[in-house]
Amino acid sequence: MAAKKPVMCPNCGAHIRKNGYCPECGMNIFVLRKAWNTSDYYYNQGYDKACARDISGAIESLKISLRYNKKNIRARNLIGLCYYEMGEIIEALSHWVMSVNYKSEGNVAVKYLKDVKKDPVRLAECDAVARKFNTALSYIDSGDYDLAMIQLKNALSDNPHFVQGYLLLALLYMQAGNYEKARVTLRRVLKIDIANPRAIRYLREMGSSEENILELKNGSIDDDGLFEDMEYEDAGRETSFNKKKRETKKLATLKETGSESVVRTGNFSEVSLARYSGIYVLIGVVLGALLLFFVIVPKREKKLVSENDKLIRTYSEELSEKNSIIESQESQIKELQTQLEQKVEEEAKSTMPDYSGIKSGMSDEDIENMLDNE
Amino acid sequence: MIDFEEELKRFKPIPGVNQAEDAILANDLKDISDIVMQMTEELRNQQQPEATGRYRR
């Protein structure tokens, strides 16, 4: 019969006694095992919720799991992943760092941390998102809701998975009375975290039924136009809060002046200039092309022609000058040649001997003899 | 009805990269083993003076 393997204390490493207690630290191994089992149970629950995209529910279960066993590596890694999905990167990193601290070998958190470290731009972006969210909170504290909304939209355009940002933005929209935008914002939350309790509560407060919420979950977020008016808001355009204030002010002044013929027929929707951006671009391109063909090109052609004329004039002037030089030199050459000829003639005349006085001493016979001899 | 001010209090600042260390420390919570250890320690501390008292007597 094989000897029973001794049980070691997970806390101090000493041998556990038969009664389940550690003689060194006094830890009860049965209590610990029960705690670990409960931790695994909550981990499984969290895992199921995470698979069903109930991220906030999964986080709650995983938190309980970690209360029972803080060294539950799988629960640590999964809670980090849930936070990462909800756009809270630093929270995710902190869980993964702790996970690696407890167990570094064969731990998937090592890969997660490596991936995050590999992309410093993304990390800087996440830092910027956190900063923008915190700035938005401080703006809200000082009552600047418009600025807070701009900050939140900026943060959400950087990280479209940032659930906290969406929730705060939805709350601000609700406060401004813009329930349609609030619904659109909360739909984005439900796309990430299907059963976010806060998002569902806000929707119920706005009068949405269970069916409406279900429809909202199934709807598309691609063309919901949440960030459509962002650039105009950035440029200091009128926002919902200012609009509301302005409208109430206008109504008050109208009442004061006593004009009773004011009839309000429904709401006027603000014309979105972004819709016509394509046409504006097209008009811009056409105008640019026309400007190019009718103003810039003819001007350039004219300039080129005048430059060419100038060049031709200078070259012809140079050519005529050279021709005159050549002509003068040719005439000089001719003159010199005649002079040379004259000189040669004169010299020839002066060196030739005068044979006029000489009489031939040889008779015809002598010449014939001489020729015969030769 | 939602109380806007009350609801706003639920939103806490998000830690940035510089505060990552604080976030790690905040996540280092106590689990069952820590509590059991603490209880054992307290029990020991309680028992020790009694034991020493008896010995002296």
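The model is predicted. Chain A is helical, with 15 helices and zero strands. Of its 374 residues, 25% count as buried. Take the contacts in chain A between residues at least 6 apart in sequence: 47% of them join residues at least 24 apart.

**Helix α1**

Helix α1(A) holds 23 residues. From first C-alpha to last, α1(A) reaches 33 Å, close to the 33 Å expected at 1.5 Å a residue. Its buried residues are A:L32, A:S39, A:Y42, A:Y43, A:G46, A:K49 and A:A50. An α-helix has 3.6 residues a turn, so residues three or four places apart point the same way. Just after α1(A) comes A:R53, with a positive phi of about 65°.

| Helix pair | Crossing angle | Axis distance |
|---|---|---|
| α2(A) and α3(A) | roughly 150° | within 9 Å |
| α4(A) and α5(A) | about 135° | 9 Å |
| α8(A) and α9(A) | about 160° | 8 Å |

Start with α2(A) and α3(A), the latter spanning residues 73-85; their axes cross at roughly 150°. That angle makes α2(A) roughly antiparallel to α3(A). The crossing is left-handed. From α2(A), the contact uses A:I55, A:A58, A:I59, A:L62, A:S65 and A:L66. Facing them in α3(A) are A:A75, A:R76, A:L78, A:I79, A:C82 and A:E85. By class, this contact has nine nonpolar residues, one polar and two charged.

Next come α4(A) and α5(A), where α5(A) runs over residues 108-118. How are these two helices oriented to each other? They pack at an angle of about 135°, and α4(A) and α5(A) are therefore oblique to each other. The crossing of α4(A) past α5(A) is left-handed. Helix α4(A) brings A:L93, A:W96, A:V97, A:S99 and A:V100 to the contact. Helix α5(A) answers with A:A109, A:V110, A:Y112, A:L113 and A:V116. Nine of these residues are nonpolar, one is polar and none is charged.

On the α8(A) side, the contact is made by A:V163, A:Y166, A:L167, A:L169, A:A170, A:Y173 and A:M174. On the α9(A) side stand A:Y179, A:K181, A:A182, A:T185, A:L186, A:R188, A:V189 and A:I192. This contact counts 12 nonpolar residues, one polar and two charged.

**The contact between chains A and B**

Chain A puts 35 residues into the contact, and chain B puts in 25 residues. Six helices of chain A each supply at least two residues to the side that touches chain B: α1 (29-51), α2 (55-68), α4 (89-102), α6 (120-141), α8 (163-176) and α10 (197-205). Which helix gives the most to that side? It is α6(A), with eight residues. The residues of chain A that touch chain B divide into 19 nonpolar, nine polar and seven charged.

Helices from the packed pairs return here. Helices α2, α4 and α8 of chain A each supply at least two residues of the side that touches chain B.

How values were computed: Residues are numbered from 1 along each chain as its sequence is written. Chains are lettered from A and ligands numbered from 1 in the order in which they are written. This is a predicted model: local features need pLDDT of at least 70, side-chain atom pairs count only at pLDDT 80 or more; totals for chains, interfaces and linings use all residues. Two residues are in contact if their C-beta atoms, placed from the backbone, lie within 7 Å. Helices (H or I, at least four residues) and strands (E, at least two) are DSSP runs, numbered from the N terminus. Ala, Val, Leu, Ile, Met, Phe, Trp, Tyr, Cys and Pro count as nonpolar, Asp, Glu, Lys and Arg as charged, and the others, Gly among them, as polar. Axes are lines fitted to C-alpha atoms, for helices over the stretch in contact, and angles run from 0 to 180 degrees between N-to-C directions. Angles under 35 degrees count as roughly parallel, over 145 as roughly antiparallel, 65 to 115 as roughly perpendicular and the rest as oblique. A crossing is left-handed if the near helix is turned anticlockwise from the far one by less than a right angle, and right-handed if clockwise. A residue is buried if 20 or more other C-beta atoms lie within 10 Å of its own, exposed if 12 or fewer, and partly exposed in between; C-beta atoms are placed from the backbone. The expected span of a helix is 1.5 Å times one less than its number of residues.
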